[in-house]
Amino acid sequence: MVKKHLFSLNAPANWPIERKERNFITRPSPGPHSLYRCLPLSLLIKNILKYAETTREVKAILNSGYILIDNKIRKDHKFPVGIMDVIQIKKTNENFRVIINKDNRYELNRINQEEAKLKPCKIINKKILKKGKIQLNLFDGRNILVDKNDYKVGDTLILDLEKNKIIKHLKLEKGSTVYITDGKYSGYLGKLENIIKKGMQRNTILFKADKEKLETLKDYAFAIPEDMIK
């Protein structure tokens, strides 16, 4: 049985909460992001958007159908929201993309209506199915079938959320713009300079950010369009 709440002290460190003010916090529902890669929708509405002060007010907003995540109306205040999710608020005509900043805190990057149609999705696994079909497993729980084996784990697909199709393929390679989603350099943007293979160990990358060369795990690098995050 899934617990309804978390002890505040056990909540992910990057949640925007005052841990000493309350004992419990809403636990996200099972969904496209794991517990430590998301925050519940109610927390985003209350503590980041500042559109409500209580969970009751959050539920009233959601029941009105004003909030869309990745082009779908969501009414569950516990729905898990994670990096690169697109938040649309119909009543105010606002659009945001969820990111992590350099302080390892969730932040909303304001975007326009055209940008809100697109979502970058990192490939975390792939399988060869019967009749030669390839299944790409994406970081937000999506699975996409393709005919050609042109995609590698670590690459990024730009999806059209309205048409539910791939419109662009970004390879994780030298020269790519990378957004770091975890580790010491979480929230950094840079240019990938080299992928370092380490045998049985996890591969690392060298990337340049703010004129400084840095190294982090390859798993933390997310290839994105150069101008996607302002």
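## A buried helix, a hairpin and a pocket

Helix α1 (residues 41–48) is largely enclosed by the rest of the structure, because six of its eight residues are buried. Please keep in mind as you look around that this is a predicted model. The buried residues of α1 are Leu41, Ser42, Leu43, Leu44, Ile45 and Lys46. Here buried means under 20% relative accessible area. After α1 comes Lys50, with a positive phi near 65°.

A positive phi also turns up in a hairpin. Strands β13 and β14 pair in the antiparallel sense over five bridges, and Asp160 stands opposite Lys165 in β14. Four residues lie between the two strands of this hairpin, and Asn164 has a positive phi near 55°.

| Strand | Residues |
|---|---|
| β10 | 118–128 |
| β13 | 156–160 |
| β14 | 165–170 |
| β19 | 221–223 |

Now to the open space in the model. The largest pocket has a volume of about 440 Å³. It is lined by 20 residues, and the closest to its centre are Arg37, Lys122, Ile124, Phe139 and Asp219. Which strand gives the largest share of the lining of the largest pocket? That is β10, with three residues. Both β10 and β19 supply at least two residues of this lining. Sorted by class, the lining of the largest pocket holds ten nonpolar, five polar and five charged residues.

Definitions and conventions: Residues are numbered from 1 along each chain as its sequence is written. This is a predicted model: local features need pLDDT of at least 70, side-chain atom pairs count only at pLDDT 80 or more; totals for chains, interfaces and linings use all residues. Side-chain values use heavy atoms; hydrogens and water are left out. On a 1 Å grid over the protein atoms alone, a cavity is a set of points where a 1.4 Å probe fits but cannot get out, and a pocket is an open set with protein on both sides within 12 Å along at least five of seven lines; lining residues have an atom within 4 Å of a point. Grid points are joined across faces, edges and corners, and a volume is the space filled by probe spheres set on the points. Ala, Val, Leu, Ile, Met, Phe, Trp, Tyr, Cys and Pro count as nonpolar, Asp, Glu, Lys and Arg as charged, and the others, Gly among them, as polar. Two strands pair if DSSP finds at least two bridges between them. Buried means under 20% relative accessible area, exposed over 50%, partly exposed in between (1.4 Å probe, protein chains only).
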